[in-house]
Amino acid sequence: IYFGILTFIFIFNLFSFFALRDKTALWYAGYVLTFGLLQISLVGIGTHKLWSSNFIAERANPFFASLSILFLLHFTLDYLRMKSIMPFMYKVFRFFRIFILVSIVFSVIPSTLTYRISVVGINAITLMLNLAVIPIALYAVRAKLQEAKLFLLEFSVLSLTVFGFILKNFGILPSVFITDFGLQIGSALEAILLSIGIVLKYKSTRETAIESLQTLNELI
């Protein structure tokens, strides 16, 4: 059911991109695809069904985790319109891309050291971005960005499940149902509602453009 939901959301956002020509949908489609591959790797399906190479099996987790965070970063920048609303944080987030790209490269280098750096690095980056995104979403809500409310709700839920998952990875939390499967439950809900949010964002942008056109016509 979980992977069926992600597959549907991926196809939906891919078609949304071609229909609406909105890069936000493309970034989210990339995020859903790579996040789904990460989950496939984490639960062991990838090793048994998709790839037989031990090297790929060992490197898949940090590689897909880093890629999914990169797509999520770009999605957040576009969805919350950070370039116009929060130009400083927009530059900070873009700067974070350097560390994510380094993590992607390190994850495929055949070295135990680079692998460990990639694993620890992407977990640390994920924690920092999760801590930063909630205040940014709150600021966007206060700036009366309509679609930011849905983003704040879903990202808050996802952040809690991500924190639980990462803390379990570091051995701080025990391996129980909520830490093992909470990330999948939270990400499935997030994928569904944020896909609706992308459509709402397009609707809001379209309405703003129509209002601007009507004002211009009145002036003319």
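Ala, Val, Leu, Ile, Met, Phe, Trp, Tyr, Cys and Pro count here as nonpolar, Asp, Glu, Lys and Arg as charged, and the others, Gly among them, as polar.

## About the model

This is a predicted model, where local features need pLDDT of at least 70, side-chain atom pairs count only at pLDDT 80 or more, and totals for chains, interfaces and linings use all residues. Residues are numbered from 1 along each chain as its sequence is written, and side-chain values use heavy atoms, with hydrogens and water left out.

Leaving aside residues up to four places away in sequence, Phe151 touches Phe75, Thr76, Tyr79, Leu80, Val133, Ala137 and Leu194, where contact means heavy atoms within 4.5 Å.

## The largest cavity

A cavity is a set of points on a 1 Å grid over the protein atoms alone where a 1.4 Å probe fits but cannot get out, and its lining residues have an atom within 4 Å of a point. The largest one holds about 70 Å³ of space, a volume being the space filled by probe spheres set on the points, which are joined across faces, edges and corners.

Its lining includes Ile69, Phe93, Asn130 and Phe155. By class, this lining has seven nonpolar, three polar and no charged residues.

Terms used:
On a 1 Å grid over the protein atoms alone, a cavity is a set of points where a 1.4 Å probe fits but cannot get out, and a pocket is an open set with protein on both sides within 12 Å along at least five of seven lines; lining residues have an atom within 4 Å of a point.
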